[in-house]
Amino acid sequence: MTLKTTPFHDLHVQMGAKMSEFAGYDMPIEYEGIKVEHMNVIQNVGVFDVSHMGSIVVSGPNRLDFMQRVCSNDISKLAPGKAQYNYMPNDQGGIVDDFIVYCFDDHYMLAVNAANIEKDYQWLLKHQIEGAEINNRSEHVSILAVQGPKAKETLQKETDIDLSEIPYYSYATGKFAGIDALFSNTGYTGAGGFELYFDDLKDAKKVWDALLSAGEEYGIKPAGLGARDTLRLEMAFCLYGNDIDDTTNSLEAGLGWVTKLVEGKEELPGFDILQKTREEGIKNRLIGFHMTGRGIPRHGYEITDKEGNIIGRVTSGTKAPAVNEAIGLGYVPVAYKAPGTEIFIKIREKLIPAEVVKTPFRK
């Protein structure tokens, strides 16, 4: 299989990145090492190439009506210049994908997960209504996530936009290093920063070099998908395919805050199921935990009670660089969801103690 590449691919290779397949793309997993890159994002500024992510545009006179029918959140509250976290529920109340919606004057843009681009596009087409046009522009959009406490200062050197005027989950358009870009005050690291979107980027090297030069005094380093994963896990941000998927009840995943079952959204797939779940209460809950015994939890490991009865499975787990302990996420019955509850993780046939904790892990 021939892997797709982003416009920045050759630059990653030249910088010695460890490359690997992800969602059909040849992507940088790490450069100097996951821990080094993770800590640099938290303390300084790092840059991630996330151009493998998808971009689907919805336009037409009935675009709002359509978006209300497929998105969990209340799209009517979204104004131009603003972004909103969402997911698409399926007919069983599971999750087709989670994504960010950007509102423009005449269209919406959905920034979707790389592995779900075609799946999301087909789902949207399946539910398409007259007066709503759907365009998959994923192959035309490049994205850099510039994250960390020095991200704003780094980017400000190469743009006339006052980045301090862009609130969280808002965006502005302008130029970066002379090239048209969208600056979005969003990210997947919990360290602050911006995501830069470029359309049909012709000169990736110019953008990359300008960024590294601007951030040199702040200690900028490129970071790979490995650090992106450990950073999001310390914030307890869900990863599609691990913590949420088609079989996940979104309310059990803690996504009730973006599940707006308001008037006008009755056509939303799974509406009745989600409403019933909300009325009757959830049976399981996604929790965060840290290990109190020695061991590192991994995706798929069994979660048990003290007698060894299986009560759930780990969905994500790692030795977290910034909090310096082994942490994880997993679904357990609601009786076990309270912080302070003791659970056990089965690691190499041994039951290793762990404790449910309040998330995020990194405050």
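1. At 24% relative accessibility, G131 counts as partly exposed, because the partly exposed class lies between under 20% for buried and over 50% for exposed. The model is predicted. G131 sits in the loop between α4 (117-126) and β8 (133-136). Its contacts, leaving aside residues up to four places away in sequence, are S59, G60, P61, N62 and R63. Take N62 from that list. G131 and N62 are 69 residues apart in sequence, yet 4.8 Å apart in space, C-alpha to C-alpha.

2. The open sheet. Six strands form an open sheet in the order β10-β11-β12-β9-β3-β13. The pairing is mixed. Which strands stand at the edges? They are β10 (171-176) and β13 (221-222). Each has a single partner strand, so one side of each is left without a neighbour in the sheet. Helix α6 (residues 204-214) packs on this sheet. α6 touches β3, β9, β10, β11 (179-184), β12 (193-199) and β13. The direction of α6 makes about 5 degrees with that of β9.

3. Strand β3 (residues 46-49) and strand β9 (residues 141-147) run antiparallel, joined by four bridges. D49 has L144 in β9 as its bridge partner. β10 and β11 are also antiparallel, with six bridges. There, G174 has A181 of β11 as its bridge partner. β10 and β11 make a hairpin with two residues between them. In the turn, A177 takes a positive phi of about 55 degrees.

4. The second largest pocket. What is its volume? The value is about 260 Å³. The pocket is lined by 14 residues. Closest to its centre are F104, M109, L182, Y197 and D199. Four strands each supply at least two lining residues: β4 (54-59), β7 (107-112), β11 and β12. Of these, β11 and β12 are also strands of the open sheet.

5. The barrel. Six strands close into a barrel, ordered β14-β17-β16-β15-β18-β19. The pairing is antiparallel. Neighbouring strands of this sheet are turned by 45 degrees against each other on average, direction ignored. Helix α7 (residues 225-234) packs on the sheet, touching β16 and β17 (325-333). The direction of α7 makes about 120 degrees with that of β16.

6. Three bridges join β15 to β16, and the two run antiparallel. E302 stands opposite R313 in β16. On another pairing, strand β15 (residues 302-304) meets strand β18 (residues 342-347) in the antiparallel sense over two bridges. Here T304 has F344 of β18 as its bridge partner. β18 then pairs with strand β19 (residues 350-357), antiparallel, over six bridges. I347 stands opposite K350 in β19. The two strands β18 and β19 form a hairpin with two residues between them. R348 in that turn has a positive phi of about 50 degrees.

7. T318 lies in strand β16 (residues 310-320). Buried or exposed? T318 is buried, with a relative accessible area of 12%. The cut-off for buried is under 20%, so T318 falls in that class. T318 touches T230, L233, I296, P297, R298, E325, A326 and I327, not counting residues up to four places away in sequence.

8. Helix α8. The buried residues of α8 (residues 271-280) are F271, L274 and T277. Why do they line one face of the helix? Seen down the axis of α8, they fall within an arc of 135 degrees, so they share one face. The general rule: an α-helix has 3.6 residues a turn, so residues three or four places apart point the same way. The buried residues of α8 pack against β5 (83-89). On the other side of α8, D272, E279 and E280 are exposed. Just after α8 comes G281, with a positive phi of about 95 degrees.

Technical notes: Residues are numbered from 1 along each chain as its sequence is written. This is a predicted model: local features need pLDDT of at least 70, side-chain atom pairs count only at pLDDT 80 or more; totals for chains, interfaces and linings use all residues. Side-chain values use heavy atoms; hydrogens and water are left out. Buried means under 20% relative accessible area, exposed over 50%, partly exposed in between (1.4 Å probe, protein chains only). The arc is that of the directions from the helix axis to the C-beta atoms. Contact means heavy atoms within 4.5 Å. Two strands pair if DSSP finds at least two bridges between them. Axes are lines fitted to C-alpha atoms, for helices over the stretch in contact, and angles run from 0 to 180 degrees between N-to-C directions. On a 1 Å grid over the protein atoms alone, a cavity is a set of points where a 1.4 Å probe fits but cannot get out, and a pocket is an open set with protein on both sides within 12 Å along at least five of seven lines; lining residues have an atom within 4 Å of a point. Grid points are joined across faces, edges and corners, and a volume is the space filled by probe spheres set on the points.
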